[in-house]
Amino acid sequence: MIRLYSALILSLALGTGGHSRAPGAGAPVLVRVADVPLPGAAVRFDYQSIDTSANRLYISHMNAGELVVFDLKTRRVEGTVGDLPRTTGVGCVPALEKVYASVPGRHHVAVIDARTLRVEARVGQIGFPDGIAYAPDVKKIYVSDESGGGEVVIDGLTDSVVTTIPLGGEAGNTIYDPGSGHILVAIQTSNEVVAIDPRTDRVIGRHPLPDASHPHGMSLDVGGRLLFVANEGNATLLIVDLKTWSVTSQVPVGEDPDVLGFDPQWHRLYVAAESGEVAVFTERKGRLALDGRITMPHAHTVSVDPRTHLVYFPLQDVEGHPLLRIMAARHL
């Protein structure tokens, strides 16, 4: 069953009574399109990964130990992959027809066949595997270790560990930057971002972030050469100019920010926080303008479909059940 809501609604209650209104404006910046029930217990979700070629959304249902596979076209759950205790990071790689899931409960990465949804390999010995990124030129997967054990590198063809790169601290999110061809890792304990060259698997740059406090979530405006970094320690978001590695601005976001989502066509950034607040910004000429804020229970993870501009929020407990809230953005 899908509960549908009109896209013409100008004011809406969102779970706990929050609203998605732009500052000083009458219309909401986000409108609820559908609530889709999800399987499993009413417990924590974590990262998401969209495969636009297959019309799939992969959702880490962390405390259920499952990966939920959602069809973006039919808005139905295709299936689940179990035996993934405390699964956190997830990254789909359509070119390899694989999905990679971090499994802290077993200290490894599960390699899932995207065609059969079966776990084909379990790779590595990692303290707390978290963020996942894919470097397409070398067909390697990079996995951050939030316990401080270094960046684990996996060969995408053989599903074997290539090396572990020392980082000198606890790693948060890991992302691939197509503009430079580098892997970027947020180092939470040293308040910096580390750049890795996938061709050599060596750290080629360490970039301290002024005013950072336990940086964790990251996202990119590839065309604008901007990096967005969320700080768990002081509830702020930094904008980093990747051409100079200078912090150009800092804005407040919800308490304990976690996952970020960026719509590259509309230049819309979503910052989801553990507090349940989602801050919505539009990037203009390298700066962020606040479009609005929304509050939903446990809305700390977000993903955006760049084709439809729909925004996805897995919510762990709405009236005792987990659901996927689909929202439509208003183009400003």
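Q: Which residue stands opposite Ala-273 in E24?
A: Pro-257 stands opposite Ala-273 in E24. The model is predicted, so local features need pLDDT of at least 70 and side-chain atom pairs pLDDT 80 or more, whereas totals for chains, interfaces and linings use all residues. Residues are numbered from 1 along each chain as its sequence is written, and side-chain values use heavy atoms, without hydrogens and water.

Q: Over how many bridges do E23 and E24 pair?
A: Strands (E, at least two residues) are DSSP runs numbered from the N terminus, and two of them pair if DSSP finds at least two bridges between them. E23 and E24 pair in the antiparallel sense over 5 bridges.

Q: In what order do the 4 strands of the open sheet stand?
A: The order is E23-E24-E25-E26, with antiparallel pairing. Strand E23 (257–263) and strand E26 (287–295) are at the edges with a single partner strand each, so one side of each has no neighbour in the sheet. On average, neighbouring strands of this sheet are turned by 20° against each other, direction ignored; the axes are lines fitted to C-alpha atoms.

Q: Why is strand E2 largely enclosed by the rest of the structure?
A: Buried means under 20% relative accessible area, exposed over 50%, and partly exposed in between (1.4 Å probe, protein chains only). Strand E2 (residues 30–37) has 7 of its 8 residues buried, so the rest of the structure largely encloses it. E2 pairs with E29 in the antiparallel sense over 7 bridges, and Asp-35 stands opposite Arg-325 in E29.

Q: Which residues have the most contacts inside the largest nonpolar core?
A: A nonpolar core joins buried Ala, Val, Leu, Ile, Met, Phe, Trp, Tyr and Cys residues through side-chain atoms within 4.5 Å. The largest here has 35 residues, and Leu-30, Tyr-58, Tyr-270, Val-278 and Phe-313 have the most contacts inside it. Strands supplying at least two residues each include E24 (268–273), E25 (277–284), E28 (310–318) and E29 (321–329). E28 gives the largest share, 4 residues. A second, separate core of 15 residues includes Ile-50, Leu-57, Leu-324 and Ile-326.

Q: How many residues line the largest pocket, and which lie nearest its centre?
A: A pocket is an open set of points on a 1 Å grid over the protein atoms alone, with protein on both sides within 12 Å along at least five of seven lines; a 1.4 Å probe fits there, and lining residues have an atom within 4 Å of a point. The largest pocket has 39 lining residues, and Gln-48, Ser-49, Ile-50, Ile-175 and Ser-219 lie nearest its centre. About 1200 Å³ of space lies in this pocket.

Conventions. Axes are lines fitted to C-alpha atoms, for helices over the stretch in contact, and angles run from 0 to 180 degrees between N-to-C directions. Grid points are joined across faces, edges and corners, and a volume is the space filled by probe spheres set on the points.
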